[in-house]
Amino acid sequence: MSGSFYFVMVGHQDNPVFEMEFLPAGKPESKDDHRHLNQFIAHAALDLVDENMWLSNNMYLKTVDKFNEWFVSAFVTAGHILCTALDSSLYGIKNFFNDVYDLYIKFAMNPFYEINAPIRSTAFERKVQFLGKKHLLS
Amino acid sequence: LTTHESSDVTDERLRPLLRSAGDQGLFTSLYTSLAQQLPREPMEWRRTYGRAPKMIHLEANFVQFKEELLPKEGNKALLTFPFLHIYWTDCCDTEAYKSTVKEDMTRWHNSLRAHSSADWVIIVVETNDTKKKNKTNILPRSSIVDKIRSDFCNKQNDRCVVLSDPLKDSSRSQESWNALLLKLRTLLLMSFTKNLGRFEDDMRTLREKRTQPGWSFCEYFMVQEELAFVFEMLQQFEDALVQYDELDALFTQYVLNFGAGDTANWLGSFCAPVRSWSGLLLRRPIDMEKRDGIQRGEASLLDLRSYLFSRQCTLLIFLLRPWEVTQRALELLHNCVQELRLLEVSVLEGALDCWVFLSCLEVLHRIEGCCDPAQLAANCSHTVGLWAYATDKLKSLGELCGLVSEKGPTSEDLNRTVDLLAGLGDERPETVSSLQSPYKKLKEALSSVEAFERHYLVSGGVIQQEEHEAGILVSKRNLKFIKIAGRKGDPERAEAFLQEAVKSYTSEGWSLPVTHTRKQIAECQKLLGRTEDYLQTSALLAGDGNLTTEERKHFCQEILTFAGSLTHKVTLSMAVFSQLTRLQFRPATASVHSGAVLEAELTLRCLMPVSVRIQQLAVSIHFDLERAGTNGRSKGASRATNPGTVEFSQADPSAGPASSVAAAGPPLELDEIQDRSPSDNSLNSTGVVCKNTHLVMRRHDTGSPPDTANCVSPPALTVKDGAQMLKVQDVTLEPGNNSITFTAPSGQPGTYTLRQLYATVGQVQFVLPHIYPSVQYEVYSQEPQLTVEPLSEPLLAGLPQTVKFTLLTGHYAVKKGDALQLSNTDTMPILPSASCPARITSPALVGESALSIQSSEKVTSISLPATPPYHTLEFHLEVLCIIPHGPDRPANERLTNGEVRHRPRSYSHPDTPMTAIDQRMSIDCPWSIYSTLLALTFYIPFKTKHSVLSAGNRKYIQVCLQNVSDVNFTLAEMQLTEKQHELLELQSLNTKTQQHSLFCLWEVRWKDDPPSCLQCVFSANFSPPKQDVSTFKPFHYQFQLERVSTLYSVRAEILPPAGEQHCRCGLLSGLEVCITRLTEATEGEAAEDSKTDADGPKSTKLMYEVADSSSNWAVCGRSSGMVSMPMAADAAHKVRIEVMPLFAGHLPFPKIKVLKYLPHTAAVAIQPDPDSCVENDSLSLLDKALDDQGDTASIRSRGSVHSVGSGDQQPQRGVAMPRLEPFDAGQVFNHSHTQQVLVLPATDDHIMEVNAT
C-alpha cells in the first residue's frame, strides 16, 4: 500500500470529477478493499478541506487530514474545485497540484466541458498520469 | 447595640451591602418593607469614562454594624464592601438623645471617619406613639433632627432623614417612605459610583504592573472578578461578562506568548501535569472550590478554564443567550486542548478526551436544563457540533481503551482505563442523584465494551437526528459511525447509519463507497433477517459493476437461494434486477382489429451476472373501453414517427455521476428570435429565448435523490391485479439485453395500457410498478364496409362499364350463402357476365373464387364466397347506364324495396364538359337490416343541340352531336324521325363524314299545312372505334319544336337620295321596310289574340324597330313604330324610315326587329316552359340575326319584356301595361338579313392641283 498514491478532484456538489490512482512500478493492482478505502478517506476529508480553505490565502492547503499512514493534502482551485490527494510521502505534492491545476484550467476552457461534470478525457488522464510519475513516484 | 449578621455571598443573587447601626429593634421592624421597596423603582446610573447611563434596580443586603468589619486600608474586596452606613434612631426625647444616643452616634461616626468612609446616613424615625408617650416633656420634634443635623451633618443636611409613622398606612407615612427610599437610592448610587471608580482605577493600575516580576494572574483575576461580581450584583450581566471576557483574552494572550517563547513566571502553576479531568461544572453559579484554588494559585489550566467558562455560562444564561454558550463551549474545548499542547503540559493519554466528553455533555445538559424541548429542537444546529465532538472523543477513548477492537480490551487497555477513571475523581455532589450525569455516562461507557457501544451509538444517533432536523447534510466524518456499528453487535442501528451513508454517497456520486456500504448493509440485513431488504440490496449488489464477478455471483446466488426457500412472496423493485429498455409492437402501428395478432417485443437489460431463469414474466394491462370504436388506423398514424417502438431512457446503471448531471437540470431549449422592421425587412433586433424556463428555473430539490433506481429500500409496490396480462412462462434471462416476445390479447376493442411488469423467480417477484413513458396499443372493431367504385374513371353512360365492389368484412364473417341483393333499376341494368372472380385479400391474396350472380326481375343477387373477418373481398361487375332520351320524364316509380325511386337527374359537372348522371344503387347486405345506398356517377359522352333554320317558308332542322368524352366513337345510322305528322318528310342533307362534332341537317317538307309543332327524335348508333357492328349502341335524342312555320317576312330596301344613283355618305337615304303576312291565322295565334278582337277581320299588332348597333347608320326620326297587321295571308305593311349612312363602302343594312305587341288587356303572359329552355337555349342563326344583343334570347326565354319607349325592364306580371313579346325562331324571316348597300363617300369639294412639268 505504501508508495501508492490516490488523487481525486471534487466538484461543487462534493461529487468526484476525476479520480486517479498511482501505483509504484512493479506493484500489483491494489485490492478492491483499498480502492473504496481511498474514496472513503478522501470523502471524509472534504469537511476538513472546507474548513481549512477559508483559513488560508493559499490554494495549497498542505495536509488537512491524516488517516493511519495516509496524509490527505488538498488544493483548492480558484473555481473551488477541490483537489485532494492521499499520499504517504508528502514529497512533491505541491508541484503536482500546481501542474494539475494548470492542466485542469486548460481542460476547463474547452467549451464542451461542463464544470462539475466528470472528466472523461484520455488525454487529461494520460497527462495526469505523467505528472504523477514525474512528481510523486520518482 | 450593634450586632453582627453574617454576609452570605453565595446567595442566589449578589447584593450591595448596607450596614445599619443604631436601634436594632427599630430596624428589624422596618427591614422587610425596606428591602422590598428599595428595588422597586429604577434609578439612572451615570457612569464614568463616557459609558452610557443605565437604569438599574437597587437591591441591598442589610448587615448590622460592627467596627471590626469595616474594610481595612488596601482591602480590595468589593463584595463585602459596605456601600452605605445607616444609623437608625427613634429617639424623640432630648434627654435620652443627649445622654445615650448622641454618644453612640458619635462613636459610630468617628469609627466611620477613621476608615474614611463618607457614605453614611442617619434616619430618625418618628411615631405618634413616642410622641404621646413623652407628651409632658416633649420638645418640638424638629429639635432632635435639628440637633443631629447640627451635631453631625455640618454641611450635609441631606445625611439626616426623617421617617414618620413608618408602620402606619397614612399618606404622610407614604410620603416620608418615598422620600427615604429616594434618598437611600441616591446615596447608594453615589457610593457605588465613587467606590467602583476607585476600584476600577486600582484594578487598572494592577493590570499595568503585569510586566513586573512577581505579578500574578491569579491575584489580578480575583480583583477583576470582584468587579464582575459587583456588576452582576447590580444585574449588569453584560458588564460582568465583559470582565470575564477580558480575563479570558488576557489569559489566552499569555498562553500564546508562552508558545512564542515569552514566558511568565506565574504560568508555572498552570504548566503542572494535569491530574484531574473532571470536566466543566455548570450547575453552580460560582464554583467556590475552583475559585479558592485560583485564589491560592494552585489551579491547573483546566481548572481556570473551567471556572472561567462556568462564570461566562452563568452570565450568558442570565442574558438568555444559551446558544452562545454552546458555541463558546465548542471553541473553549478545542482551545483548551491546544493550550495544553502549547504549554507542554503533560497529560495522561485520553484524559483530555475524558474532559472534553464530560464538558460537552455538561454543557448540553445545562442548555437542556434552561430551554424547553421545542426550543431545543429548533436550535439543534447549535448543539450538533457539541454532540459530534463528544462522540468523536468517545470514539477515540474507545479506541484507546480497546473497546472497539474486535478482541476486546487487553490488560494494558484496562490499566489505562483505570487511570483515566481515577482522574475523574469522585462524582460531584450535585449529580450524584441523577442517573444520566455525564460522569456516570463516561464511567459506564469505559467500563465495558457493550456499554461503550451503546453510548457511542446513542450519541451518534443524536447527531444524525439533529443534523436531519437542522437540515445539514450529513457531515462526512460522521459516516464513520457505520464502521464501528457494523463491526459490532447492533446491526439494526448500523443499518440505519449505513442507509444514511449510502444516501449521502449516492447523492454526491461516489460509486465505490456506495458499493462498499451496500455490502455492509447487506450483511446487517442478513443478520437482522430482513429478507426483503436483504434481497433488494443483494440484487443491487449483484448488478453492481464495481464488484468482482465472484461477489456479484454470490449475491445473485443468494437471491436465487432465497427465492427457492422462502415461504411467502417477496416483492422487489424491478430496477435492481433488470431494466426495461425497449418495447416494440408488431405491427408497428400498435393498433389491430379485434382478434388479430399483436406481438410486443420487450427488451430487458438484465443486470445479473449470471443467467437467471424466470418462471413467469408478465405485463399487466389496463383495459379502457372508452376509446374503443375510434378507428385505430388513424390514431396510429397520428403518433410519433415510429409508433410501435418505445425507448425507455435509463439512468446510468452504475451509481455514478448521473446524479450530478441530473442535478444540473434539463437542457435548455433555446430558440432564435428575430425582430425585423415591417417596412424594409431589415433586422431590428435578434435574441435567444429559452422555451423551457419553467423547467430550468425550477428549484431542484436536493433532499430527494434524483435516481430512484439507486434507492435501496424498495418502493411501495401494489401488485395490481389486471384481468388481462401479457405472459411468458419460463424465460431465461442472460446477462445483458434480452428480447422477449409477448402475444398481446386483442379480444375486445379498446385501448390497452401496459402498466406493470413482473418477473417471478420462485417466491421473489420483481415488479416495475409503472411503465413510463406509458405504452398503449389499441384494438379496434370495424363494421363491414361495402364500397363500389369505378374501375376506371370516368364511367361513361351508354356503354358497359366495369365497377369494382370492395367489401371490408370488418368483424363480420361472410358465411357461405350470404348474398348481396341489388335492386335493379331500368336506367342501369347489371350486365350478366359468364365468370365473375372474387378475390379475398388480407391484405395478401388469400383466395379466389367465382361468384354466382342471379338476376330476377327486380333484384340481382350476388352470392358471396365465405370470407373470414377483417378480410377484403373484391369483385367486378359490368353495368350499363342508359342514356336518358331527353326531356321526357316518366312518372316516379317505386323500387322493389319500397323506396322512392330516385330518377337520375342529369347535371353538368364543373370538371368535365360531359353531363353527369348519378345512379343510385340500393344494396341489401346480409349483416345489416338497412339497405346500403351507393351512388355512381356516369357521364354522357355526347352533347346534342338542335336548331331550326328557315329559308323563306322552307324549314331545316339541324342537330349537332358533340363527343365530349376522351373516347373515340364510331357513329352510324343517324336519323331523325317525327312522331306525329306522318305526311312530314324529313330529307337528310347529310354526308357521311366523321368528325368530333357532327352537324346533321334535315329539311322539313310538308304537303299541305306547315306543322306548327314537331316531335322529333334523333337517333344514332355509336360504338367505340374498331368494334363489331353488334356492339353499336343506340343513342336517342328527343326534342320538340313549336311554332316553326314562318308568319311574317320582312323585306327592306334602301333607297338612295333623290337624284343619286347610290347612297352617299352623310346624305339621308330612305329605308323601306315591308312586312308581309305569309299565312292565315294559325290556331295558336287565334287563341292568343281572340280576346282583343272578337269580331271583324282579325288583326294583330306588331312592333318594329330599326337599330344599328355597329354605328354604321344614323336613324333619323322615329326608329320604331307599331303596325296593325290583319291576320290574312299576303297582308303587307310598308314603313319608310330616314337613315343616314355614316361611312362609305358596302354597309350592311341596319337591323330590323319585329316584335309581337300585346295590348294591356292580355293579362296572362305566356310563360315559356322552363324545361324547354334546354332545347331553346341554343339560338338559331335567324335568331341571332334578329337579336343584336346576345343576351336578349335568355331574357326572352325567361319571359321578361321591354317596355315601349323607355326600354326599362319592369315587372310584368299583373301589371296592366302593353307588353312586347318576341317571335319564336323561324316565325319571322328577314329577306334582307345580310344584304349590303354601296355607299359612296361624300362629295369631295376640294380641288386638287396637279402640276405637270
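The paragraphs below go through selected features of a predicted model, from confidence to helices, strands and aromatic pairs.

Residues are numbered from 1 along each chain as its sequence is written, and chains are lettered from A and ligands numbered from 1 in the order in which they are written. Because the model is predicted, local features need pLDDT of at least 70 and side-chain atom pairs count only at pLDDT 80 or more, while totals for chains, interfaces and linings use all residues; side-chain values use heavy atoms, with hydrogens and water left out.

Chain A averages a pLDDT of 83, and 89% of the residues score at least 70. Helices (H or I, at least four residues) and strands (E, at least two) are DSSP runs, numbered from the N terminus.

In chain B, helix 20 (residues 531-542) has 12 residues and reaches 16 Å from its first C-alpha to its last, close to the 16 Å expected at 1.5 Å a residue. The expected span is 1.5 Å times one less than the number of residues. Helix 20 of chain B is largely enclosed by the rest of the structure, because 10 of its 12 residues are buried. Buried means under 20% relative accessible area, exposed over 50%, and partly exposed in between (1.4 Å probe, protein chains only). The buried residues include B:Tyr534, B:Leu535, B:Leu540 and B:Leu541. Their cover includes helix 19 (511-528), helix 21 (549-565), strand 8 (570-573) and strand 19 (764-768) of chain B.

Next come the strands. Two strands pair if DSSP finds at least two bridges between them. In chain B, strand 14 (residues 670-676) and strand 15 (residues 683-690) run antiparallel and are joined by 7 bridges. B:Gln674 stands opposite B:Thr686 in strand 15 of chain B.

An open sheet in chain B has 3 strands in the order 42-52-48, with mixed pairing. Strand 42 (1063-1064) and strand 48 (1145-1148) of chain B are at the edges with a single partner strand each, so one side of each is left without a neighbour in the sheet. Strand 42 of chain B runs parallel to strand 52 (residues 1236-1240) of chain B, and 2 bridges join them. B:Cys1063 stands opposite B:Val1239 in strand 52 of chain B.

Strand 29 (residues 859-863) of chain B contains B:Thr860. B:Thr860 is buried, with a relative accessible area of 1%. Leaving aside neighbours within four places in sequence, its contacts (heavy atoms within 4.5 Å) include B:Leu820, B:Leu822, B:Ile830 and B:Ile853.

The structure holds 34 aromatic pairs over all chains. Rings of Phe, Tyr and Trp (its six-membered ring) pair if their centres lie within 6.5 Å; planes under 30 degrees apart count as stacked, over 60 as edge-to-face and the rest as tilted. One of the pairs is B:Phe217 with B:Phe251, tilted, at 5.2 Å centre to centre and 45° between the planes. This pair links distant parts of the chain, 34 residues apart: B:Phe217 lies in helix 6 (residues 217-233) of chain B and B:Phe251 in helix 7 (residues 237-259) of chain B. B:Phe217 is buried at 0% relative accessibility, and B:Phe251 is buried at 0%. B:Tyr1037 and B:Phe1039 form another tilted pair, with 5.3 Å centre to centre and 35° between the planes.

Note on methods:
pLDDT = per-residue confidence, 0-100.
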